[in-house]
Amino acid sequence: MSEQQRAHLVPGDRAAAAGGRYAVISAAFVGILLISNVVAVKPIAFGAIEFGSVSLPLVFDGGVFLFPLAYILGDVLAEVYGLKASRRAILTAFALALVASLTIVLVQVSPPAAGWENQDAFAAVLGFVPRIVAASLVAFLAGQLVNAWVLDRLRRKTSGRFLRTRLIGSTIAGQLIDTLLFCTIAFAGIITGVDFVMYVVLGYVVKVLAEVVLLPVTTRVIAWTRRAEEARTAFPA
């Protein structure tokens with residue numbers, strides 16, 4: 001971009017050009033959280049593991065399919081953009097999830113229009129969302145902040161080396177906090193006994209394993225994003 005072209009950019013254009021990748025990653029991060037909050041209302045049963053006379057049910061919530069991606073993007077934000085920028089994205093996601101929860105509650109309690117016959121169905125499905133979102137908000141905020149903090153601390157301790165080890169370590173810590181808080185707040189008293197224990201353990205194990213499996217993707221995205229940001233800094237558009 002020439003100096004003449006740059007001179008005609010409005011402040012917003014300059015900001016968008018400077019932080020485009022961060023904005024896209026942050027937007028995806030927020031979107032994944034919001035989608036996960038809605039689909040998490042459905043517990044999913046994938047059969048059971050049999051140990052003799054003991055049957056351990058495989059129970060997950062709908063968020064298990066998508067929510068691990070939030071941690072992958074969180075790793076990218078913390079590793080490439082630093083703890084402060086990562087916290088900004090986390091707090092933005094937290095705020096918008098809170099807005100979504102309050103909006104759902106407001107719509108649910110509003111009187112239905114004449115001819116609308118799905119109020120009970122709406123309440124049956126999305127009526128559970130406020131508790132799910134409350135659980136998700138607390139768990140997400142605590143888990144993501146722990147994940148980002150651990151990753152940042154390990155990066156400082158290792159001078160930026162051992163990326164895979166640092167990613168796994170931060171995932172183990174962050175997902176532990178996230179899973180314990182979410183499962184307890186969202187489903188304690190609804191899923192009980194051994195079902196609840198298996199739900200917590202399996203949810204944690206699956207989420208950690210999903211991130212381990214996707215580790216090559218995470219490291220490549222981090223490397224690509226870092227190179228792109230370094231190139232932008234060295235040769236601004």
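Predicted model: local features only at pLDDT ≥ 70, side-chain atom pairs only at ≥ 80, totals over all residues.
**Entry 1, the nonpolar cores.** I began with the largest nonpolar core, which has 28 residues, and I noted that Phe29, Leu33, Phe67, Leu77, Ala93, Phe140 and Leu167 touch the most other members. I then listed the elements that give two or more residues to this core, and they are helix H2 (11–39), helix H3 (67–109), helix H5 (129–157), helix H6 (163–187) and helix H8 (215–234). H3 provides the largest share, 13 residues. I looked up Ala93 in particular and found that, leaving aside residues up to four places away in sequence, Ala93 touches Phe29, Val30, Leu33 and Phe140. Apart from this core I found another, of 14 residues, with Val59, Ala135, Ala139 and Val200 among them.

**Entry 2, H6 against H7.** Two packed helices are described by the angle between their axes and the distance between the axes. For H6 and helix H7 (residues 193–213) I wrote down an angle of about 145° and axes 10 Å apart, and I recorded the crossing as right-handed. The residues making the contact include Leu176, Phe182 and Phe187 of H6, and Phe196, Tyr199 and Val200 of H7. Sorted by class, the contact has 11 nonpolar, five polar and three charged residues.

I checked UniProt, where an unreviewed entry places the feature "transmembrane region" at several spans, including residues 21–46 and 167–190. Residues 21–46 are 73% helix and 15% strand, with the end C-alpha atoms 37 Å apart. Residues 167–190 are 88% helix and 0% strand, and the end C-alpha atoms of this span lie 33 Å apart.

Conventions:
Residues numbered from 1 in each chain as written. Heavy atoms only, no water. Core = buried A, V, L, I, M, F, W, Y, C linked by side-chain atoms within 4.5 Å. Buried < 20%, exposed > 50% of the residue type's maximum accessible area, 1.4 Å probe, protein only. Helix = DSSP H or I, 4+ residues; strand = E, 2+ residues; numbered from the N terminus. Contact = heavy atoms within 4.5 Å. Axes fitted to C-alpha atoms, helices over the stretch in contact; angles between N-to-C directions. Left-handed = near helix turned anticlockwise from the far one by under 90°. Nonpolar A, V, L, I, M, F, W, Y, C, P; charged D, E, K, R; others polar. UniProt positions renumbered as here; feature names shortened; annotations may be inferred.
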